[in-house]
Amino acid sequence: MPSDATQDEARRIARDAFLVFEHKEGSKMVDEKDIPTIVRSMGINPTGSQIEKLMEQLKGTQTEDTALIPLDRFEQVVSAFALSNKNDLIRDDYHKLMRAFRALDPEKKGYIDAELFGSLMSARGEAFCTQETGTMLRFCDTDHACAVRFLNSPVLTCAAEAASGKVYYEDYAYKLATNGRKV
């Protein structure tokens, strides 16, 4: 989401992201478990605790015992959340990401083993679940399409060599830093 987004633009971005994940076409409902993915697809990067607060706001005074969130509620809450927290939701820039990747590559090879990368993503800091880690590995596909097996999950496409399972982080850092934003 652009840092200078207006309320109307934020609502449009929220609506567009919502409709991609719609529970059943035309239902104008999404499953609450998809909310973190939908929000991140908008180009913002909330922490786990921010997602929890957002989920509380989305459920609000909902009296029904349902896991579905309606479009109008999502659009209203998420756009307000994104605008009021925009300085806390900005993705890290390319240089900060490169420093982090280089810290994991002391030999300066230009890549990180995909298995190590996946293990770190699922065990350190704000840990990712296996599905989120798989999504991250798939996202890193630049032009090095190949297969990597992570934690006995289905084969994932990522920026790695098929035989060695290497994640080339320079392209990946650029993609992470710029996805969803103007450069």
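**Figure 1. Contact between helices H5 and H8 in the predicted model.** From H5, the residues Tyr94, Leu97, Met98, Phe101 and Arg102 take part in the contact. Their partners in H8 are Tyr169, Glu170, Tyr172, Ala173, Tyr174, Leu176 and Ala177. Sorted by class, the residues of this contact comprise 10 nonpolar and 2 charged, with no polar residue. The axes of H5 and H8 are 9 Å apart, and the two helices pack at an angle of about 145 degrees. Their crossing is right-handed.

**Figure 2. The aromatic pair of Phe101 and Tyr169.** The two rings are stacked, with 5.5 Å from centre to centre and 10 degrees between the planes. Phe101 belongs to helix H5 and Tyr169 to helix H8, which spans residues 169–178; the pair therefore ties together parts that are 68 residues apart in sequence. Phe101 has a relative accessibility of 6% and so counts as buried. Tyr169, at 5% relative accessibility, also counts as buried.

**Figure 3. The aromatic cluster of Phe101, Phe117 and Tyr169.** These three residues form one aromatic cluster, and a search of the whole structure finds 5 aromatic pairs. In the pair of Phe101 with Phe117, the ring centres are 5.9 Å apart and the planes stand at 40 degrees, so this pair is tilted. Phe101 lies in helix H5 (residues 94–103), whereas Phe117 lies in helix H6 (residues 114–123); the pair therefore ties together parts that are 16 residues apart in sequence. Phe101 and Phe117 are both buried. Phe101 also pairs with Tyr169, in a stacked arrangement.

**Figure 4. Crossing of helices H1 and H4.** Helix H1 covers residues 7–20 and helix H4 covers residues 71–84. Their axes come within 8 Å and cross at roughly 130 degrees. This angle makes H1 oblique to H4, because angles over 145 degrees would be needed for a roughly antiparallel arrangement. H1 passes H4 in a right-handed crossing. On the H1 side, the contact involves Gln7, Ala10, Arg11, Ala14, Arg15, Phe18 and Leu19. On the H4 side, it involves Leu71, Phe74, Glu75, Gln76, Val78, Ser79, Ala80 and Leu83. By class, 9 residues of this contact are nonpolar, 3 are polar and 3 are charged.

Figure 5. Apart from neighbours within four places in sequence, Ser79 is in contact with Gln7, Ala10, Arg11 and Phe74. Among these, Gln7, Ala10 and Arg11 are residues of H1 that take part in the contact with H4. Phe74, like Ser79, is listed on the H4 side of that contact.

Figure 6. Of the 183 residues in the chain, 36% are buried. Among contacts with a separation of 6 or more, 56% involve residues 24 or more positions apart.

Definitions and conventions:
Residues are numbered from 1 along each chain as its sequence is written. This is a predicted model: local features need pLDDT of at least 70, side-chain atom pairs count only at pLDDT 80 or more; totals for chains, interfaces and linings use all residues. Side-chain values use heavy atoms; hydrogens and water are left out. Rings of Phe, Tyr and Trp (its six-membered ring) pair if their centres lie within 6.5 Å; planes under 30 degrees apart count as stacked, over 60 as edge-to-face and the rest as tilted. Helices (H or I, at least four residues) and strands (E, at least two) are DSSP runs, numbered from the N terminus. Buried means under 20% relative accessible area, exposed over 50%, partly exposed in between (1.4 Å probe, protein chains only). Axes are lines fitted to C-alpha atoms, for helices over the stretch in contact, and angles run from 0 to 180 degrees between N-to-C directions. Angles under 35 degrees count as roughly parallel, over 145 as roughly antiparallel, 65 to 115 as roughly perpendicular and the rest as oblique. A crossing is left-handed if the near helix is turned anticlockwise from the far one by less than a right angle, and right-handed if clockwise. Contact means heavy atoms within 4.5 Å. Ala, Val, Leu, Ile, Met, Phe, Trp, Tyr, Cys and Pro count as nonpolar, Asp, Glu, Lys and Arg as charged, and the others, Gly among them, as polar.
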